[in-house]
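Here's a quick briefing to read with the model open. Take a look at the structure first, then go through the points below.

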Amino acid sequence: MEAVLEKASAKKVSNRSIKKVAVLGSGVMGSRIACHFANIGLEVVLLDIVPRELTDKEKAKGLTLETPAVRNRLVNDALKFALKSKPSPIYSKDFAKRITTGNFDDNMDLLKDCDWIIEAVVERLDIKKIVFGNVEKYRKPGSLITSNTSGIPINLLTEGRSEDFKRNFCGTHFFNPPRYLKLLEIIPSPETDPEVIDFFMNYGDLYLGKTTVLCKDTPAFIANRIGVFSIMAIFHVMKEMGMTITEVDALTGPVTGRPKSATFRTSDVVGLDTLVKVAKGVFDNCPEDEAKAIFEIPDFINQMVEKGWYGDKSGQGFYKKTKTPEGKRLILALNLETMEYAPKDKPRFKSVGDAKRADDLKKRLQILHAGKDKGSEFLNKVGYHLFRYVSNRVPEISDEIYKVDDAMRAGFGWELGPFEYWDVLGVAKTVETMETAGFKPAQWIYDMLEAGVTSFYTIENSRKKVYNPATKAYEAIPGQDAYIILDNYRGQKPVWKNSGATLHDIGDGVLCLEFHTKMNSIGSEILQAINKSIDIAEKEGWKGLVLGNDAPNFSAGANLAMILMLAFEQEYDELDFAIRMFQNTTARIRYSSIPVVAAPHGLTLGGGCEICMHADKVVASAETYIGLVEVGAGVIPGGGGIKEFALRASDAFFEGDVQVPTLQKYLQNIGMAKVATSGQEALEFGILRPGKDIISVNSHRVIADAKNAVIQMHEAGYTQPAPKNDIQVLGRTVLGNFYVFLDGMKGMGYISEHDELIVRKVAYVLCGGDLSQPTKVSEQYLLDLERQAFLELLTERKTLERMQHILQTGKPLRN
C-alpha cells in the first residue's frame with residue numbers, strides 16, 4: 001500500500017472527463033450522494049433493488065410487482081425523502097431533474113454511458129461483491145468504479161474482478177450529509193492505477209468541493225478511526241467521573257471548537273447502531289491496537305441498542321423530543337444511571353464561563369485546560385486519551401499527520417484537528433502532564449522534542465509546513481498553492497489594520513481585507529477599513545481588492561446593538577450619519593477605480609449581503625447563506641440593498657423582462673427576510689448576477705478564486721464605472737397594487753400591522769416613491785428614500801422591541 005501512495009504523490013494531468021455518474025443504492029448516503037453530483041451539473045443515474053411485496057395502496061390500485069412504478073418505488077421514495085429532508089441535500093429543487101431513477105433488474109444497461117459508478121449499498125461484503133459482478137457486465141472499459149464503504153477492506157471488494165476493473169477501482173468514502181461534510185477519503189487498493197488516485201484527489205477538491213484525504217486501507221480508515229475513538233473515550237471518561245450527557249455536551253461543543261451537536265447530539269444524528277458497528281469493527285479487526293479496550297461497548301450503550309434507542313432514526317436516543325401539556329417543545333436528556341429521561345438542564349462550569357469571554361478558539365482552549373474545575377479535568381483526561389492515540393496511529397493509518405487533522409476537520413466538523421489542538425496547548429508541556437496522569441505518547445513525539453522541534457506545524461513565508469516524523473523535518477503541505485489561508489499571513493506585517501479588520505498583501509499586487517469583529521458584524525471600524533483599503537489600493541497602484549475572510553461566516557450584518565443604543569437615546573443625527581456612511585461605503589465599493597471582488601461564504605446577512613451586491617464581482621462559496629434580513633429586526637435594508645434591487649429590476653426591464661413580476665419577487669424576498677440556502681439559490685433570488693458572479697464549490701478556494709478574478713479584471717483594462725442616473729421606477733402605477741396586496745395579507749392574519757408598515761416602506765423605495773408615472777431617477781434619489789424610511793422606522797416602539805428581542809434571543813419577533 002505504501003508503494004501505491006508513493007506513486008500517487010507524483011501528480012500527472014488526467015484527460016478524464018466526468019459527465020455522467022451512477023449511484024448504486026438509494027439509502028441515506030446513496031440518495032444524498034446522487035443529489036450532490038446533481039448539484040455540480042452532472043447527469044446522475046440512481047438505482048436500487050426491486051420491491052418484493054406490494055403495499056396496501058398498490059394493491060388497492062390493482063398494481064402488480066411488474067408495474068414500473070412499483071419496481072422503482074424504493075428508489076423513488078428514497079429520493080423524495082432525501083429532497084424533503086433538512087438541511088436540503090440539493091442546491092436547487094430544479095437540479096433534481098438531473099437524476100434518473102431505476103432498479104438493478106431493469107436498468108443496469110444505463111451504466112454503459114456512465115463515467116463513474118459509485119456503490120453505496122448495505123455494508124455487507126457478499127452483497128457488494130454481487131453488485132460489482134453485475135457492474136462488470138455493463139460498465140464501459142476505463143470507467144471508474146468506487147465503493148462508499150466505511151470500513152470493509154478495499155482489497156477484498158475486487159476479488160474475482162477483471163484487471164481493468166481493478167485498475168479503475170478504489171474506495172471513495174463520503175461523509176453524511178455529503179453536501180455539507182467536506183471530507184472525501186480516497187482509499188486505493190494495491191491494484192489501483194496511480195492516475196486514478198490522482199484524478200480522484202483533484203476531482204474531489206475542484207469539482208465536489210471536498211477536502212480529499214488519501215488513506216491507507218486500515219480499519220475505519222482515518223476519520224472514523226479517530227472520531228469514534230474520541231467518542232468512545234468520552235463515554236469511558238464520563239462514566240469514570242460520574243458526568244451527565246448534558247455536562248459532556250456543554251464541554252464538547254462550540255466552546256472547544258466542535259460542532260454545536262457536540263458528542264451526544266452528534267451520536268443521535270449519526271445513529272447509535274452505526275457508531276456501535278464502527279467501534280466493533282475496530283475492536284475486532286485491530287488486535288494490536290494498544291487502546292483496543294476503549295472500543296469496548298459500555299453497558300449503557302448495549303442497553304440502548306437492546307431498547308432500539310438509536311437516536312433520530314428511532315425517535316429517541318441520548319435525547320428525546322416531546323411536548324409539554326401546553327404543547328410547547330421539550331427536549332429530554334437520558335440519565336445513564338437510571339436509563340430514564342428528564343428535562344434537559346444547562347450545566348455551568350467556571351472554566352467554560354471564563355473561556356467564553358475569549359473570541360479566539362486557541363485562547364479559549366488554553367483557558368479551559370488550565371482551569372481547576374470538573375470541566376477542565378474532564379477535557380484534560382479526554383485530551384490525553386486523544387493525543388496518545390493519534391500519536392500511536394502514525395504511521396499505521398497515515399504517514400503524514402496533516403492528513404489526520406484534515407480528516408477530522410472535514411469529516412467531524414472539528415475546527416482544529418488533534419495535532420493542531422495539541423500545538424495550541426503546547427506539545428512539551430502537555431507531554432509532561434500526560435506522563436503524570438499515566439498517558440505516554442508514541443516514541444516519535446519524544447524524538448521530535450529532543451531534536452528541539454516543539455510544534456507540529458510552523459509558518460514560513462505565508463505557507464504552512466508540517467513536521468514529518470519519518471524525515472524528522474518540516475515539509476510543505478501539498479496542494480497549498482490552490483488556497484489562500486489568511487491565518488498563514490499572521491506572521492507578516494499587515495498593509496494596514498484597525499480594531500475590526502486587517503488588510504493583507506496576498507501576492508501578485510492584490511490586497512485582501514479581512515473582517516474580524518464578532519460574527520464579522522459591520523460597524524464604523526469595518527466601514528473605515530473598506531474605505532481605507534480602497535484608498536490604499538488606488539493611491540499605491542495595487543491591482544485590486546478582495547473582501548474575504550476565513551471565519552465561519554462572511555458577515556452577520558450591521559451592528560444592531562449600536563443602532564439600537566442610538567435609537568433608544570434618540571440620536572437621530574448620529575443615526576443619519578451612520579446610514580449615510582454605510583451607503584457611501586457601498587457606493588465606494590461600486591465606483592472605485594480598482595476592481596473590488598467579494599468572497600462570501602456561510603452567513604452573509606443584511607449589510608454583509610449589501611456589501612456583496614455592490615462589488616464588481618462576487619465569488620461565492622456554494623455554501624453561502626445570503627439575504628436581506630432587516631425586516632426581521634424591524635427595519636429595512638439601509639446600505640443600498642433596496643436601491644440595488646430597483647436598479648436591477650430597471651436593467652431587466654430594458655433587457656426585455658417584465659418589470660412588475662421582478663419587483664414583486666424582490667419585494668417578497670426582502671419582506672419575508674428570505675435567506676438563500678446556497679449560492680445557486682442566491683442566483684435565483686437575484687442577489688447574485690448570472691453571467692457575472694460565480695460560485696466556487698470548494699469554500700477553501702473562494703479567496704484564491706476572488707484574487708484571480710481581480711487579476712483578470714485588472715489585466716482586461718478595468719474602467720471605473722459611473723453612478724447611474726437612468727433607473728426606471730414605476731411609482732404609483734405599481735405601488736398602489738403592492739399596498740392593496742399587503743393590506744389583504746394583514747386582513748387574513750398572515751402579517752401584523754407592524755409587518756405591513758415595514759414592507760410598505762420597502763415597496764415605497766422599490767417603486768421610487770409616490771411618483772405619478774414611471775420615471776427615470778438616480779441612485780442617490782433612491783438612497784435618500786431608503787435612508788429616510790430606515791430612520792422613520794427607528795422612531796417606532798415596535799421596531800425597537802424587535803431589535804431588542806433579536807439581540808437577546810437571536811430570533812425575530814413578530815409584533
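Which residues of α32 are buried? They are Glu779, Leu782, Leu783, Leu785, Glu786, Arg787, Ala789, Phe790, Leu791 and Leu793, where buried means under 20% relative accessible area, exposed over 50% and partly exposed in between (1.4 Å probe, protein chains only). Keep in mind that this is a predicted model, where local features need pLDDT of at least 70, side-chain atom pairs count only at pLDDT 80 or more, and totals for chains, interfaces and linings use all residues. Residues are numbered from 1 along each chain as its sequence is written, and side-chain values use heavy atoms, with hydrogens and water left out.

**Helix α30**
- Helices (H or I, at least four residues) and strands (E, at least two) are DSSP runs, numbered from the N terminus.
- Val734, Leu735, Phe738 and Leu742 are the buried residues of α30.
- Seen down the axis of α30, those buried residues fall within an arc of 100 degrees (taken from the directions from the helix axis to the C-beta atoms), so they line one face.
- Over on the other side of α30, Asn737, Val740 and Gly747 are exposed.
- Just after α30, Gly749 has a positive phi of about 85 degrees.

**Glu630**
- Look for Glu630 in the loop between β22 (624–627) and α26 (641–654).
- Glu630 is buried, at 12% relative accessible area.
- Leaving aside neighbours within four places in sequence, Glu630 is in contact (heavy atoms within 4.5 Å) with Gly606, Gly607, Glu610, Val635, Ile636 and Pro637.
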